[in-house]
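Welcome! Here are some exercises with worked solutions, to be done with the structure open beside you. Take them one step at a time.

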Amino acid sequence: MPNDSADTDQPDLHIADIERASLSRVNDWYLGGSFNTPVDRDFAERVLHVLPAARTMAVDHRDFLRRCLTYLVAHGIRQFIDIGSGMPTLGNVHEVTRSLSPDAKVVYVDNDPVTIAHSRRLLDNDPRAIIIDADLRQADRVIGAPELQQFIDLTEPTGLLMIAVLHFVPDSDDPARLIARYRAALPAGSYIAISHLTDETTPPRLREQVRACTSAHHDISPLVPRDRATLAAWLHELDLVPPGIVTAHRWRPDRTPLDSPEHDLTVAALGRTTARSQTTAGTPVADPYQPVR
Ligand SMILES: C[S@@+](CC[C@H](N)C(=O)[O-])C[C@H]1O[C@@H](n2cnc3c(N)ncnc32)[C@H](O)[C@@H]1O
């Protein structure tokens, strides 16, 4: 979201627990944003010390998001639910989609108080984007939120985005069940995009770094790397958009992807809901995708 006035370029710190780093503000710092505090920056530096690829990961998630949105708008999606939306840094869903289609609508969902307050201020006069304060683990609350229900027509195909957020949800919260609940709320022809931390194919050195990073994160949140088989199980009711479940930088790249193990830490996929798991029929769209070599 653009900083459209001088008083919107700092976070609403008075409502924040600034003794403690927040996922959202740390991510903002990785992405080069200004909505973060010394505590966030200290935490991010500590993470970078054990996992120097942390910033590359944040960028890979955002780049995947941008390419996904381009695909979704090209395939007729005009309403989006972005869960775990994060600080309004750059390349937010309403900015990207609106640059492609001015009628796109976006509901952001996050549970970080500063993110909520700051996003609300920036979206105050925006008739086509809102933010809801909710925990994604309460899927019924998110889907049933009156603001969301008024804003999004859940009989129409919708893009549901979970970018760089599910790795903060431990197995004890049953992410598979949560995703199934979100999926069931969407009509056929909708899409679910997921990007996630993985250490599945990384060299032992990087795997060790990921382990150190998950330990460092214990101060603020669980952090759980997962493999492609887990994403496949989560998305098994959906038709995966080619190339399927791959490292994020290899998902429909718009330039030749770099061959660096750092990029192997983010796995991503986009799945389309079908009539077999939903009740409303959608229209399949031809896909001329050719992988970049
Ligand atoms: C790493 S940031 C990712 C932000 C954005 N999706 C991106 O890719 O740049 C993760 C975001 O998820 C939010 N988050 C984490 N757990 C959440 C939960 N249980 N419910 C809602 N939001 C959550 C955090 O507050 C944070 O803003």
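**Exercise 1.** In which hand of crossing, left-handed or right-handed, does helix 2 pass helix 9?

*Solution.* Keep in mind that you are looking at a predicted model.
- Step 1: Find helix 2 at residues 38–50 and helix 9 at residues 204–217.
- Step 2: Look at how the two run past each other: the crossing of helix 2 with helix 9 is right-handed.
- Step 3: Now take the angle. The two axes cross at roughly 155° and come within 8 Å. Angles over 145 degrees count as roughly antiparallel, so helix 2 is roughly antiparallel to helix 9.
- Step 4: Pick out the residues that meet. Helix 2 brings Arg46, Val47 and Val50, and helix 9 brings Gln209, Ala212, Cys213 and Ala216. Sorted by class, this contact has 5 nonpolar residues, 1 polar and 1 charged.

**Exercise 2.** Work out how helix 1 is oriented against helix 2, and which residues of the two meet.

*Solution.* 
- Step 1: The axes of helix 1 and helix 2 lie 9 Å apart, and the packing angle is about 70°.
- Step 2: The range from 65 to 115 degrees counts as roughly perpendicular, so helix 1 is roughly perpendicular to helix 2.
- Step 3: Helix 1 also passes helix 2 in a right-handed crossing.
- Step 4: On the side of helix 1, the residues are Arg25, Val26, Trp29 and Tyr30; they meet Asp40, Arg41, Phe43 and Ala44 of helix 2. By class, there are 5 nonpolar and 3 charged residues in this contact, with no polar ones.

**Exercise 3.** Follow helix 3 along its length, then describe how helix 3 packs with helix 4.

*Solution.* 
- Step 1: Helix 3 counts 21 residues, and from first C-alpha to last it reaches 31 Å. That is close to the 30 Å expected at 1.5 Å a residue.
- Step 2: Turn to helix 4, residues 93–100: its axis is 10 Å from that of helix 3, and the angle is about 40°. Helix 3 and helix 4 are therefore oblique to each other.
- Step 3: This crossing is right-handed. Arg66, Leu69, Thr70 and Val73 of helix 3 make the contact with Val93, Val96, Thr97 and Leu100 of helix 4. The contact residues divide into 5 nonpolar, 2 polar and 1 charged.

**Exercise 4.** How many residues surround the ligand, and which are the closest?

*Solution.* 
- Step 1: Count the shell: 20 residues surround the ligand.
- Step 2: Pick out the closest, namely Ser24, Gly84, Gly86, Asp112 and Leu136.
- Step 3: Ask which elements give two or more residues to this shell: they are helix 1 (23–30) and helix 3 (54–74).
- Step 4: Sort the shell by class, and you get 7 nonpolar, 8 polar and 5 charged residues.

Technical notes
Residues are numbered from 1 along each chain as its sequence is written. This is a predicted model: local features need pLDDT of at least 70, side-chain atom pairs count only at pLDDT 80 or more; totals for chains, interfaces and linings use all residues. Axes are lines fitted to C-alpha atoms, for helices over the stretch in contact, and angles run from 0 to 180 degrees between N-to-C directions. Helices (H or I, at least four residues) and strands (E, at least two) are DSSP runs, numbered from the N terminus. Angles under 35 degrees count as roughly parallel, over 145 as roughly antiparallel, 65 to 115 as roughly perpendicular and the rest as oblique. A crossing is left-handed if the near helix is turned anticlockwise from the far one by less than a right angle, and right-handed if clockwise. Two residues are in contact if their C-beta atoms, placed from the backbone, lie within 7 Å. Ala, Val, Leu, Ile, Met, Phe, Trp, Tyr, Cys and Pro count as nonpolar, Asp, Glu, Lys and Arg as charged, and the others, Gly among them, as polar. A residue is near a molecule or strand if its C-beta atom, placed from the backbone, lies within 6 Å of it. The expected span of a helix is 1.5 Å times one less than its number of residues.
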